[in-house]
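Here are some notes for a colleague who is opening this structure for the first time. They are set out as numbered points, so that each can be checked against the view.

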Amino acid sequence: MTNAVIECILSRTAAKYYDPAATLSDDQIRELVRIGTTAPTSFHLQNWRFIAVRTREAKAKLLPIAWNQPAITDAAVTFIVVGQLADSRVVPVRLAPVVEAGIMPEKMVPEWEIPARGLYQDYPQRQRDEAVRTATFGAAAMIYVARSWGLGSTPMIGFDDNAVHREFGLTEDEVPVMLLAVGAERPGNWPQKPRRPVADVLQLV
């Protein structure tokens with residue numbers, strides 16, 4: 001059993017080689033993020049941000065603090081995928097469009113805000129865990145959107161997080177979770193590598 005979505009997932013690979021002459025328009029970048037941010041988030045927090053490093057100047061600033069990885073300069077864009085510490089205080093604001101759209105009755109908003117407060121307010125580690133989890137969901141969605149467009153992508157964790165914080169103006173409540181390069185590939189990239197057998201990673205109970 002297969003379909004276009006499954007084929008997209010099964011054909012995805014972490015690209016190493018990009019066509020440095022290929023570009024993405026700002027509208028394409030916006031659409032990639034728009035679709036990517038339909039990924040799930042806890043309590044609809046949407047606690048993420050995406051910095052699209054696409055100009056020569058911005059790439060030059062990122063390159064030395066990202067281990068001089070070639071994808072930074074060769075890919076059309078490299079996103080700094082940012083997670084924001086989970087903050088239950090924003091729940092009513094995030095849910096307001098949901099109420100306005102008639103999806104959720106307004107009386108349900110406290111039923112989300114109160115447990116979110118209990119889950120995160122006094123637990124800094126949970127706040128950070130949620131920042132990483134949310135940003136990763138968003139990045140994963142963008143990876144598959146890029147693949148469906150015939151583009152390559154490379155998630156990267158090789159960077160100086162303190163320098164990224166400083167050079168790209170992240171706030172105290174933000175975590176640079178990963179870099180995600182996206183662009184047109186050039187020949188030489190490997191196909192998807194074999195994975196561990198399902199029997200080794202699945203427990204049926």
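1. After H7 comes Gly-150, whose phi is positive, near 80 degrees.

2. Before going further, please keep in mind that this is a predicted model, in which local features need pLDDT of at least 70 and side-chain atom pairs count only at pLDDT 80 or more, while totals for chains, interfaces and linings use all residues. Residues are numbered from 1 along each chain as its sequence is written, and side-chain values use heavy atoms, with hydrogens and water left out.

3. The buried residues of H7 include Gln-127, Ala-131, Gly-138, Met-142 and Ala-146, where buried means under 20% relative accessible area, exposed over 50% and partly exposed in between (1.4 Å probe, protein chains only). Among the elements that the buried residues of H7 pack against are helix H2 (26–36), helix H6 (109–120) and strand E1 (48–53).

4. Gln-127 itself has a relative accessible area of 15%, and, leaving aside its neighbours within four places in sequence, is in contact (heavy atoms within 4.5 Å) with Leu-85, Ala-86, Tyr-120 and Gln-121.

5. Four strands form an open sheet in the order E1-E2-E4-E3, with antiparallel pairing; two strands count as paired if DSSP finds at least two bridges between them. The edge strands are E1 and E3, each of which pairs on one side only. On average, neighbouring strands of this sheet are turned by 25 degrees against each other, direction ignored. Axes here are lines fitted to C-alpha atoms, for helices over the stretch in contact, and angles run from 0 to 180 degrees between N-to-C directions.

6. Strand E3 deserves a separate look, since four of its five residues are buried, so that E3 is largely enclosed by the rest of the structure. Five bridges join E3 to E4, and along this pairing Thr-154 stands opposite Ala-181, while Pro-155 stands opposite Leu-180. H7 lies across E1, E2, E3 and E4, and runs at about 10 degrees to E4.

7. Ser-88, in the loop between E2 and helix H5 (91–100), is buried with a relative accessible area of 4%. Leaving aside its neighbours within four places in sequence, Ser-88 is in contact with Glu-113, Ala-116 and Arg-117. Two of these contacts, Glu-113 and Arg-117, also meet each other through their side chains in a salt bridge (3.6 Å, N to O), and both lie in helix H6, four residues apart, about one turn of the helix.

8. With a salt bridge taken as a side-chain nitrogen of Lys or Arg within 4 Å of a carboxyl oxygen of Asp or Glu, the count comes to nine. One of them joins Arg-49 to Glu-174, the closest N and O atoms being 2.8 Å apart. Arg-49 lies in strand E1 and Glu-174 in strand E4, so this pair ties together parts that are 125 residues apart in sequence. Arg-49 is partly exposed, at 30% relative accessible area, whereas Glu-174 is buried, at 5%.

Conventions
Helices (H or I, at least four residues) and strands (E, at least two) are DSSP runs, numbered from the N terminus.
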